[in-house]
Amino acid sequence: MFRSKRSKGASILPARTADPIAAHPLLSRFRLLRFIALLMLALCGCTNTVVHNGAVNQTKTQEIEAGIQRFRGLNFTAPVPLVLKSRDQALEMMRKEIARDHTENEMRIGGLTGAMTGVYPAGMDLKSETMKLLRSQIAGFYDPHEKQMVLVEGAIDASLWSSAANLITHRDLVGEMLLAHELTHALQDQHFGIEQMIDHVKDNDDRDLALKAVAEGDATLAGYGYVVGNLDDASIDAIVGRMDDLPRTFAAQSADVPMGLSAPMIFQYADGVRFVAEVYRHGGWTAVDAIYADSPRATLQVMYPELYFEHRAQLVDIDLNGYQRALKDWGKVDDDTYGAMLIKLIIQRNLEQNSPGTANADSPTPVPETTLAGRWSGDRMIVLQKNQALTVLWIVAFQDDESAARFGKIYASILDKISAPEMAHRLQVRESNVLIAIGDGARQFDRFAPAIWHASVVTPVASTRPATAKIAERR
(Lines give C-alpha, C1' and ligand atoms only; values in the text may rest on other atoms or scores of the structure.)
Protein backbone atom coordinates (compact mmCIF):
# COMPACT_ATOMS: atom_id res chain seq x y z
CA MET A 1 0.00 0.00 0.00
CA PHE A 2 1.26 3.49 -0.89
CA ARG A 3 1.56 5.42 2.37
CA SER A 4 3.61 8.36 3.55
CA LYS A 5 5.40 7.44 6.73
CA ARG A 6 8.00 9.98 7.66
CA SER A 7 11.32 9.39 9.38
CA LYS A 8 13.81 12.23 9.51
CA GLY A 9 12.15 13.76 6.47
CA ALA A 10 12.35 10.62 4.31
CA SER A 11 9.66 8.38 2.87
CA ILE A 12 9.64 4.99 4.57
CA LEU A 13 7.23 2.58 2.89
CA PRO A 14 6.95 -1.21 2.54
CA ALA A 15 8.82 -2.77 -0.35
CA ARG A 16 7.76 -5.44 -2.81
CA THR A 17 8.95 -6.79 -6.14
CA ALA A 18 8.40 -4.43 -9.05
CA ASP A 19 6.83 -5.48 -12.36
CA PRO A 20 9.30 -6.42 -15.12
CA ILE A 21 10.34 -3.60 -17.41
CA ALA A 22 8.76 -3.66 -20.85
CA ALA A 23 10.63 -5.73 -23.41
CA HIS A 24 11.10 -2.71 -25.67
CA PRO A 25 11.69 0.29 -23.40
CA LEU A 26 11.25 3.84 -24.62
CA LEU A 27 14.19 5.66 -26.05
CA SER A 28 16.27 7.01 -23.18
CA ARG A 29 16.66 10.73 -23.77
CA PHE A 30 20.15 10.83 -22.32
CA ARG A 31 21.51 7.69 -23.96
CA LEU A 32 21.33 9.58 -27.23
CA LEU A 33 23.72 12.04 -25.66
CA ARG A 34 26.39 9.44 -24.96
CA PHE A 35 28.19 10.33 -28.15
CA ILE A 36 27.10 13.96 -28.20
CA ALA A 37 28.63 14.36 -24.77
CA LEU A 38 31.95 13.15 -26.12
CA LEU A 39 31.82 15.64 -28.96
CA MET A 40 31.80 18.97 -27.17
CA LEU A 41 35.13 18.18 -25.57
CA ALA A 42 36.55 16.24 -28.49
CA LEU A 43 39.57 17.04 -30.57
CA CYS A 44 38.69 20.53 -31.72
CA GLY A 45 41.26 23.01 -32.89
CA CYS A 46 44.01 20.42 -33.05
CA THR A 47 45.36 21.01 -36.56
CA ASN A 48 48.76 22.20 -35.32
CA THR A 49 49.43 19.47 -32.78
CA VAL A 50 47.40 16.27 -33.15
CA VAL A 51 46.24 16.30 -36.78
CA HIS A 52 48.32 17.97 -39.49
CA ASN A 53 47.90 17.92 -43.27
CA GLY A 54 45.25 15.21 -43.11
CA ALA A 55 47.28 12.81 -40.97
CA VAL A 56 47.57 11.97 -37.29
CA ASN A 57 50.76 13.25 -35.68
CA GLN A 58 51.88 9.94 -34.17
CA THR A 59 54.76 11.42 -32.21
CA LYS A 60 52.51 13.93 -30.48
CA THR A 61 49.72 11.44 -29.79
CA GLN A 62 52.17 8.94 -28.29
CA GLU A 63 53.55 11.70 -26.09
CA ILE A 64 50.05 12.58 -24.88
CA GLU A 65 49.15 8.91 -24.36
CA ALA A 66 52.21 8.36 -22.18
CA GLY A 67 51.65 11.62 -20.34
CA ILE A 68 48.02 11.06 -19.43
CA GLN A 69 48.84 7.62 -18.03
CA ARG A 70 51.43 9.15 -15.72
CA PHE A 71 49.22 12.06 -14.75
CA ARG A 72 46.02 10.07 -14.20
CA GLY A 73 47.87 7.23 -12.42
CA LEU A 74 46.37 4.52 -14.65
CA ASN A 75 48.00 2.48 -17.41
CA PHE A 76 46.31 1.29 -20.58
CA THR A 77 45.64 -2.43 -20.49
CA ALA A 78 45.28 -2.54 -24.28
CA PRO A 79 46.32 -0.28 -27.16
CA VAL A 80 43.89 2.47 -28.20
CA PRO A 81 44.23 2.92 -31.98
CA LEU A 82 43.68 6.40 -33.42
CA VAL A 83 41.84 6.58 -36.74
CA LEU A 84 40.99 9.57 -38.91
CA LYS A 85 37.49 9.88 -40.39
CA SER A 86 35.71 12.44 -42.51
CA ARG A 87 32.80 14.22 -40.86
CA ASP A 88 30.32 12.26 -42.99
CA GLN A 89 31.94 8.98 -41.99
CA ALA A 90 31.80 9.95 -38.32
CA LEU A 91 28.14 10.95 -38.63
CA GLU A 92 27.37 7.61 -40.22
CA MET A 93 28.93 5.92 -37.19
CA MET A 94 26.61 7.99 -35.01
CA ARG A 95 23.56 7.02 -37.05
CA LYS A 96 24.43 3.35 -36.75
CA GLU A 97 24.92 3.69 -33.00
CA ILE A 98 21.49 5.27 -32.62
CA ALA A 99 19.86 2.67 -34.87
CA ARG A 100 21.52 -0.12 -32.86
CA ASP A 101 19.66 0.92 -29.73
CA HIS A 102 16.48 2.62 -30.96
CA THR A 103 13.82 1.98 -33.59
CA GLU A 104 12.19 4.78 -35.53
CA ASN A 105 9.06 4.37 -33.39
CA GLU A 106 11.09 4.67 -30.19
CA MET A 107 12.63 7.87 -31.52
CA ARG A 108 9.15 9.20 -32.26
CA ILE A 109 7.91 8.25 -28.81
CA GLY A 110 10.94 9.85 -27.16
CA GLY A 111 10.25 13.18 -28.84
CA LEU A 112 6.52 13.08 -28.07
CA THR A 113 7.01 12.12 -24.43
CA GLY A 114 9.56 14.90 -23.96
CA ALA A 115 7.10 17.40 -25.41
CA MET A 116 4.21 16.11 -23.27
CA THR A 117 6.20 16.48 -20.05
CA GLY A 118 7.82 19.81 -20.93
CA VAL A 119 11.37 18.70 -21.68
CA TYR A 120 11.17 19.55 -25.39
CA PRO A 121 9.17 22.10 -27.36
CA ALA A 122 6.02 20.83 -29.03
CA GLY A 123 6.55 19.30 -32.46
CA MET A 124 10.29 18.72 -32.04
CA ASP A 125 11.71 15.92 -34.18
CA LEU A 126 14.09 14.19 -31.74
CA LYS A 127 16.06 12.33 -34.40
CA SER A 128 16.43 15.35 -36.66
CA GLU A 129 17.50 17.66 -33.82
CA THR A 130 19.95 15.10 -32.52
CA MET A 131 21.60 14.66 -35.90
CA LYS A 132 21.73 18.43 -36.37
CA LEU A 133 23.52 18.78 -33.06
CA LEU A 134 25.90 15.99 -34.00
CA ARG A 135 26.72 17.63 -37.31
CA SER A 136 27.42 20.99 -35.69
CA GLN A 137 29.59 19.65 -32.86
CA ILE A 138 31.24 16.41 -33.97
CA ALA A 139 35.03 16.53 -33.99
CA GLY A 140 36.11 13.25 -32.43
CA PHE A 141 35.25 10.64 -29.82
CA TYR A 142 36.30 7.45 -28.10
CA ASP A 143 34.35 4.54 -29.59
CA PRO A 144 33.72 2.04 -26.76
CA HIS A 145 32.53 -0.65 -29.17
CA GLU A 146 35.59 -0.70 -31.40
CA LYS A 147 37.89 0.44 -28.56
CA GLN A 148 39.43 3.12 -30.72
CA MET A 149 39.81 6.89 -30.81
CA VAL A 150 38.14 8.52 -33.81
CA LEU A 151 39.45 11.88 -34.99
CA VAL A 152 37.44 13.94 -37.48
CA GLU A 153 39.08 15.70 -40.41
CA GLY A 154 38.40 19.42 -40.65
CA ALA A 155 37.86 19.90 -36.91
CA ILE A 156 35.34 22.54 -35.94
CA ASP A 157 35.94 25.78 -34.07
CA ALA A 158 37.15 25.20 -30.52
CA SER A 159 35.69 28.37 -29.01
CA LEU A 160 33.92 26.45 -26.28
CA TRP A 161 37.24 25.24 -24.88
CA SER A 162 39.74 27.73 -26.22
CA SER A 163 38.95 29.97 -23.26
CA ALA A 164 39.88 27.12 -20.93
CA ALA A 165 43.11 26.60 -22.85
CA ASN A 166 43.92 30.28 -22.50
CA LEU A 167 44.08 29.75 -18.76
CA ILE A 168 47.18 27.66 -19.36
CA THR A 169 49.35 29.39 -21.93
CA HIS A 170 49.23 31.32 -25.15
CA ARG A 171 50.27 28.19 -27.06
CA ASP A 172 47.57 26.25 -28.91
CA LEU A 173 47.09 23.36 -26.50
CA VAL A 174 43.39 22.78 -27.04
CA GLY A 175 44.01 19.65 -29.12
CA GLU A 176 46.40 18.20 -26.57
CA MET A 177 44.04 18.92 -23.69
CA LEU A 178 41.09 17.34 -25.43
CA LEU A 179 42.97 14.28 -26.67
CA ALA A 180 44.04 13.70 -23.07
CA HIS A 181 40.36 14.07 -22.12
CA GLU A 182 39.24 11.40 -24.58
CA LEU A 183 42.11 9.06 -23.67
CA THR A 184 40.88 9.32 -20.08
CA HIS A 185 37.57 7.90 -21.30
CA ALA A 186 39.50 4.95 -22.70
CA LEU A 187 41.16 4.47 -19.30
CA GLN A 188 37.73 4.58 -17.65
CA ASP A 189 36.49 1.94 -20.06
CA GLN A 190 39.47 -0.37 -19.46
CA HIS A 191 39.72 0.01 -15.68
CA PHE A 192 36.16 0.68 -14.48
CA GLY A 193 33.88 -0.64 -17.23
CA ILE A 194 32.04 2.68 -17.47
CA GLU A 195 30.07 1.59 -20.55
CA GLN A 196 28.80 -1.51 -18.75
CA MET A 197 27.84 0.66 -15.78
CA ILE A 198 25.82 2.93 -18.06
CA ASP A 199 24.16 -0.03 -19.79
CA HIS A 200 23.18 -1.42 -16.39
CA VAL A 201 21.07 1.67 -15.60
CA LYS A 202 19.58 2.22 -19.06
CA ASP A 203 16.05 2.26 -17.58
CA ASN A 204 16.99 5.13 -15.27
CA ASP A 205 17.87 8.34 -17.10
CA ASP A 206 18.71 10.07 -13.85
CA ARG A 207 21.34 7.61 -12.69
CA ASP A 208 22.63 7.32 -16.25
CA LEU A 209 23.27 11.07 -16.32
CA ALA A 210 24.88 11.03 -12.87
CA LEU A 211 27.34 8.35 -14.05
CA LYS A 212 28.17 10.32 -17.17
CA ALA A 213 28.77 13.43 -15.09
CA VAL A 214 31.36 11.51 -13.07
CA ALA A 215 33.04 10.26 -16.25
CA GLU A 216 33.07 13.67 -17.94
CA GLY A 217 34.16 15.49 -14.79
CA ASP A 218 37.04 13.03 -14.37
CA ALA A 219 38.12 13.35 -18.03
CA THR A 220 37.86 17.13 -18.03
CA LEU A 221 39.97 17.54 -14.90
CA ALA A 222 42.49 15.01 -16.22
CA GLY A 223 42.80 16.68 -19.62
CA TYR A 224 43.12 20.14 -18.13
CA GLY A 225 45.50 19.02 -15.39
CA TYR A 226 47.67 17.20 -17.92
CA VAL A 227 48.42 20.32 -19.93
CA VAL A 228 48.76 22.46 -16.79
CA GLY A 229 51.08 19.92 -15.21
CA ASN A 230 49.27 19.74 -11.88
CA LEU A 231 45.91 20.12 -10.15
CA ASP A 232 46.50 22.43 -7.22
CA ASP A 233 43.70 24.47 -5.65
CA ALA A 234 44.30 27.42 -7.97
CA SER A 235 44.08 25.38 -11.18
CA ILE A 236 41.03 23.49 -9.93
CA ASP A 237 39.32 26.76 -9.04
CA ALA A 238 40.15 28.10 -12.49
CA ILE A 239 38.63 25.23 -14.46
CA VAL A 240 35.60 24.96 -12.16
CA GLY A 241 35.03 28.68 -12.66
CA ARG A 242 35.17 28.27 -16.42
CA MET A 243 32.39 25.69 -16.23
CA ASP A 244 30.00 28.46 -15.23
CA ASP A 245 30.52 29.95 -18.70
CA LEU A 246 29.45 26.82 -20.58
CA PRO A 247 25.70 27.59 -20.88
CA ARG A 248 26.36 31.10 -22.18
CA THR A 249 29.12 29.97 -24.52
CA PHE A 250 27.06 27.13 -25.93
CA ALA A 251 24.03 29.38 -26.38
CA ALA A 252 26.16 31.80 -28.38
CA GLN A 253 27.38 28.96 -30.60
CA SER A 254 24.15 26.99 -30.97
CA ALA A 255 21.23 29.20 -29.99
CA ASP A 256 18.76 27.06 -31.93
CA VAL A 257 19.52 23.82 -30.04
CA PRO A 258 16.56 22.92 -27.79
CA MET A 259 17.34 23.29 -24.10
CA GLY A 260 16.15 19.72 -23.54
CA LEU A 261 19.15 18.50 -25.54
CA SER A 262 21.77 21.05 -24.51
CA ALA A 263 21.15 21.25 -20.75
CA PRO A 264 21.81 17.55 -19.94
CA MET A 265 24.95 17.68 -22.07
CA ILE A 266 26.25 20.80 -20.33
CA PHE A 267 25.35 19.30 -16.95
CA GLN A 268 27.76 16.43 -17.53
CA TYR A 269 30.67 18.86 -17.80
CA ALA A 270 29.72 21.80 -15.60
CA ASP A 271 28.26 19.88 -12.66
CA GLY A 272 30.43 16.84 -13.34
CA VAL A 273 33.62 18.87 -13.01
CA ARG A 274 32.43 20.50 -9.79
CA PHE A 275 31.53 17.12 -8.30
CA VAL A 276 34.74 15.34 -9.29
CA ALA A 277 36.77 18.36 -8.17
CA GLU A 278 35.34 17.85 -4.68
CA VAL A 279 36.26 14.17 -4.86
CA TYR A 280 39.80 15.05 -5.95
CA ARG A 281 40.17 17.56 -3.12
CA HIS A 282 39.18 14.81 -0.68
CA GLY A 283 41.87 12.37 -1.82
CA GLY A 284 43.36 12.89 -5.27
CA TRP A 285 43.03 10.40 -8.13
CA THR A 286 42.74 7.50 -5.67
CA ALA A 287 39.54 9.06 -4.40
CA VAL A 288 38.28 9.60 -7.96
CA ASP A 289 38.95 5.93 -8.76
CA ALA A 290 36.94 4.91 -5.67
CA ILE A 291 33.89 6.81 -6.89
CA TYR A 292 33.36 4.30 -9.71
CA ALA A 293 32.75 1.58 -7.10
CA ASP A 294 30.34 3.81 -5.17
CA SER A 295 29.02 6.27 -7.73
CA PRO A 296 26.28 8.86 -7.16
CA ARG A 297 22.87 7.27 -7.49
CA ALA A 298 21.17 10.44 -8.68
CA THR A 299 21.86 13.77 -10.34
CA LEU A 300 20.75 15.35 -7.05
CA GLN A 301 24.01 14.17 -5.46
CA VAL A 302 26.03 15.62 -8.34
CA MET A 303 24.19 18.94 -8.12
CA TYR A 304 24.68 19.06 -4.34
CA PRO A 305 27.90 17.15 -3.52
CA GLU A 306 27.30 17.54 0.23
CA LEU A 307 24.40 15.11 -0.21
CA TYR A 308 26.99 12.55 -1.28
CA PHE A 309 29.91 13.35 1.02
CA GLU A 310 28.59 14.78 4.27
CA HIS A 311 25.24 13.05 4.58
CA ARG A 312 23.67 10.80 2.01
CA ALA A 313 20.42 12.14 0.58
CA GLN A 314 17.43 9.98 1.41
CA LEU A 315 16.59 8.71 -2.06
CA VAL A 316 13.70 6.41 -2.88
CA ASP A 317 12.82 3.91 -5.59
CA ILE A 318 9.22 3.92 -6.78
CA ASP A 319 7.22 0.99 -8.12
CA LEU A 320 4.34 2.67 -9.94
CA ASN A 321 1.49 0.19 -10.13
CA GLY A 322 -2.27 -0.24 -10.03
CA TYR A 323 -3.18 1.43 -13.35
CA GLN A 324 -3.46 -1.80 -15.35
CA ARG A 325 -7.13 -2.57 -14.85
CA ALA A 326 -8.44 0.86 -15.79
CA LEU A 327 -6.01 1.15 -18.72
CA LYS A 328 -6.08 -2.48 -19.85
CA ASP A 329 -6.04 -1.57 -23.55
CA TRP A 330 -2.76 0.31 -23.18
CA GLY A 331 0.69 -1.28 -23.47
CA LYS A 332 3.75 -0.14 -21.52
CA VAL A 333 6.58 1.24 -23.68
CA ASP A 334 8.77 2.76 -20.98
CA ASP A 335 9.58 2.59 -17.28
CA ASP A 336 12.03 5.32 -16.34
CA THR A 337 13.26 7.93 -13.82
CA TYR A 338 13.67 11.61 -14.76
CA GLY A 339 15.48 12.89 -11.65
CA ALA A 340 16.23 16.25 -10.08
CA MET A 341 18.21 17.65 -12.99
CA LEU A 342 15.44 17.04 -15.51
CA ILE A 343 12.78 18.42 -13.16
CA LYS A 344 14.90 21.55 -12.83
CA LEU A 345 15.11 21.70 -16.61
CA ILE A 346 11.33 21.37 -17.02
CA ILE A 347 10.68 24.20 -14.58
CA GLN A 348 13.46 26.33 -16.09
CA ARG A 349 12.35 26.17 -19.70
CA ASN A 350 8.60 26.43 -19.14
CA LEU A 351 8.23 29.28 -16.66
CA GLU A 352 8.44 32.90 -17.70
CA GLN A 353 12.22 33.04 -17.80
CA ASN A 354 12.63 35.30 -20.80
CA SER A 355 12.76 39.06 -20.86
CA PRO A 356 10.50 40.87 -23.36
CA GLY A 357 11.83 40.63 -26.86
CA THR A 358 13.92 37.52 -26.29
CA ALA A 359 13.65 35.41 -29.43
CA ASN A 360 14.83 32.06 -28.13
CA ALA A 361 12.19 30.46 -25.90
CA ASP A 362 14.80 28.04 -24.60
CA SER A 363 17.36 30.64 -23.50
CA PRO A 364 18.39 29.82 -19.92
CA THR A 365 17.71 32.48 -17.29
CA PRO A 366 17.62 31.78 -13.55
CA VAL A 367 14.19 30.79 -12.26
CA PRO A 368 13.80 30.76 -8.44
CA GLU A 369 11.33 27.88 -8.55
CA THR A 370 14.05 25.54 -9.83
CA THR A 371 15.26 25.23 -6.23
CA LEU A 372 12.42 22.74 -5.82
CA ALA A 373 14.57 20.23 -7.68
CA GLY A 374 16.84 20.17 -4.64
CA ARG A 375 13.97 18.75 -2.58
CA TRP A 376 13.42 15.83 -5.00
CA SER A 377 13.68 12.38 -3.47
CA GLY A 378 12.73 10.04 -6.33
CA ASP A 379 10.35 9.53 -9.23
CA ARG A 380 9.09 6.90 -11.62
CA MET A 381 7.43 7.37 -14.99
CA ILE A 382 5.42 4.86 -16.97
CA VAL A 383 4.63 5.59 -20.63
CA LEU A 384 1.70 3.71 -22.17
CA GLN A 385 0.73 3.45 -25.83
CA LYS A 386 -2.53 2.58 -27.59
CA ASN A 387 -2.35 2.77 -31.36
CA GLN A 388 -0.48 6.08 -31.88
CA ALA A 389 -1.67 7.70 -28.66
CA LEU A 390 0.51 8.01 -25.55
CA THR A 391 -0.28 8.36 -21.86
CA VAL A 392 2.31 9.35 -19.26
CA LEU A 393 1.87 8.27 -15.63
CA TRP A 394 4.38 9.78 -13.23
CA ILE A 395 4.90 9.77 -9.48
CA VAL A 396 7.37 12.29 -8.06
CA ALA A 397 8.42 12.04 -4.40
CA PHE A 398 9.81 14.95 -2.42
CA GLN A 399 11.56 15.23 0.91
CA ASP A 400 8.66 17.09 2.53
CA ASP A 401 4.97 17.76 2.03
CA GLU A 402 5.43 21.48 1.39
CA SER A 403 7.78 20.89 -1.55
CA ALA A 404 5.37 18.38 -3.09
CA ALA A 405 2.51 20.88 -2.81
CA ARG A 406 4.61 23.65 -4.37
CA PHE A 407 5.74 21.42 -7.23
CA GLY A 408 2.17 20.26 -7.80
CA LYS A 409 0.98 23.85 -8.16
CA ILE A 410 3.87 24.85 -10.43
CA TYR A 411 3.73 21.78 -12.65
CA ALA A 412 -0.06 22.02 -13.01
CA SER A 413 0.42 25.54 -14.38
CA ILE A 414 3.13 24.28 -16.74
CA LEU A 415 0.85 21.52 -18.07
CA ASP A 416 -1.94 24.05 -18.58
CA LYS A 417 0.50 26.14 -20.59
CA ILE A 418 2.14 23.49 -22.77
CA SER A 419 -0.75 21.07 -23.38
CA ALA A 420 -2.76 21.33 -26.56
CA PRO A 421 -6.54 21.65 -26.04
CA GLU A 422 -7.00 17.96 -26.79
CA MET A 423 -4.20 16.86 -24.43
CA ALA A 424 -5.81 15.79 -21.17
CA HIS A 425 -3.81 16.08 -17.96
CA ARG A 426 -4.50 15.59 -14.26
CA LEU A 427 -2.42 15.97 -11.13
CA GLN A 428 -2.94 15.03 -7.50
CA VAL A 429 -0.80 15.63 -4.40
CA ARG A 430 -0.78 13.35 -1.37
CA GLU A 431 1.56 14.38 1.42
CA SER A 432 5.10 14.31 -0.08
CA ASN A 433 4.13 12.64 -3.37
CA VAL A 434 2.69 13.94 -6.64
CA LEU A 435 0.78 11.75 -9.12
CA ILE A 436 0.65 13.07 -12.68
CA ALA A 437 -1.21 11.78 -15.74
CA ILE A 438 -0.81 13.26 -19.23
CA GLY A 439 -2.48 12.12 -22.45
CA ASP A 440 -5.70 10.37 -23.45
CA GLY A 441 -5.55 7.96 -20.54
CA ALA A 442 -5.70 10.87 -18.11
CA ARG A 443 -9.41 11.15 -18.89
CA GLN A 444 -9.85 8.06 -16.70
CA PHE A 445 -7.85 9.57 -13.83
CA ASP A 446 -10.68 9.22 -11.31
CA ARG A 447 -10.81 5.49 -12.03
CA PHE A 448 -7.13 4.60 -11.78
CA ALA A 449 -5.73 7.20 -9.36
CA PRO A 450 -7.08 5.51 -6.19
CA ALA A 451 -5.71 2.15 -7.41
CA ILE A 452 -2.27 3.68 -8.08
CA TRP A 453 -2.13 5.27 -4.65
CA HIS A 454 -3.08 1.93 -3.11
CA ALA A 455 -0.79 -0.37 -5.13
CA SER A 456 2.34 1.73 -5.69
CA VAL A 457 5.29 1.36 -3.32
CA VAL A 458 8.11 3.74 -2.42
CA THR A 459 11.22 2.07 -1.03
CA PRO A 460 14.17 3.90 0.55
CA VAL A 461 17.42 3.37 -1.36
CA ALA A 462 19.93 1.61 0.87
CA SER A 463 22.89 3.86 1.62
CA THR A 464 26.44 2.60 1.45
CA ARG A 465 29.15 3.84 3.78
CA PRO A 466 29.92 7.55 3.38
CA ALA A 467 32.34 8.26 0.54
CA THR A 468 34.60 10.19 2.88
CA ALA A 469 35.16 7.03 4.93
CA LYS A 470 36.21 5.10 1.85
CA ILE A 471 38.50 7.90 0.77
CA ALA A 472 40.12 8.14 4.19
CA GLU A 473 40.89 4.43 4.17
CA ARG A 474 42.76 4.70 0.87
CA ARG A 475 44.89 7.76 1.64
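Modeller: Go ahead, and keep in mind that this is a predicted model.

Colleague: What makes S11 and S13 paired strands?

Modeller: Two strands pair if there are at least two bridges between them. Strand S11 (residues 389–398) and strand S13 (residues 433–439) are joined by 7 bridges, so they count as paired. They run antiparallel, and Val-392 stands opposite Ile-438 in S13.

Colleague: Why are S9 and S12 said to stand at the edges?

Modeller: The open sheet has 5 strands in the order S9-S10-S11-S13-S12, with antiparallel pairing. Strand S9 (331–336) and strand S12 (425–430) each have a single partner strand, so one side of each has no neighbour in the sheet. From one strand to the next, the twist averages 15°.

Colleague: What lies across S9, S10, S11 and S13?

Modeller: Helix H4 (residues 104–117), which runs at about 55° to S11.

Colleague: Now the rings. Why is the pair Phe-398 and Phe-407 called tilted?

Modeller: Their centres are 5.1 Å apart, with 45° between the planes. Pairing needs centres within 6.5 Å; under 30 degrees would be stacked and over 60 edge-to-face, so 45° comes out as tilted.

Colleague: And what makes Phe-407 and Tyr-411 stacked?

Modeller: There the planes are 10° apart, at 5.4 Å centre to centre. That is under 30 degrees and within 6.5 Å, so the pair is stacked. Both residues lie in helix H16 (residues 401–418), 4 residues apart, about one turn of the helix, and both are buried.

Colleague: Which residues form the aromatic cluster with Phe-407?

Modeller: Tyr-338, Trp-394, Phe-398 and Tyr-411.

Technical notes: Residues numbered from 1 in each chain as written. Predicted model: local features only at pLDDT ≥ 70, side-chain atom pairs only at ≥ 80, totals over all residues. Heavy atoms only, no water. Helix = DSSP H or I, 4+ residues; strand = E, 2+ residues; numbered from the N terminus. Axes fitted to C-alpha atoms, helices over the stretch in contact; angles between N-to-C directions. Contact = heavy atoms within 4.5 Å. Phe/Tyr/Trp six-rings, centres within 6.5 Å; stacked < 30°, edge-to-face > 60°. Buried < 20%, exposed > 50% of the residue type's maximum accessible area, 1.4 Å probe, protein only.
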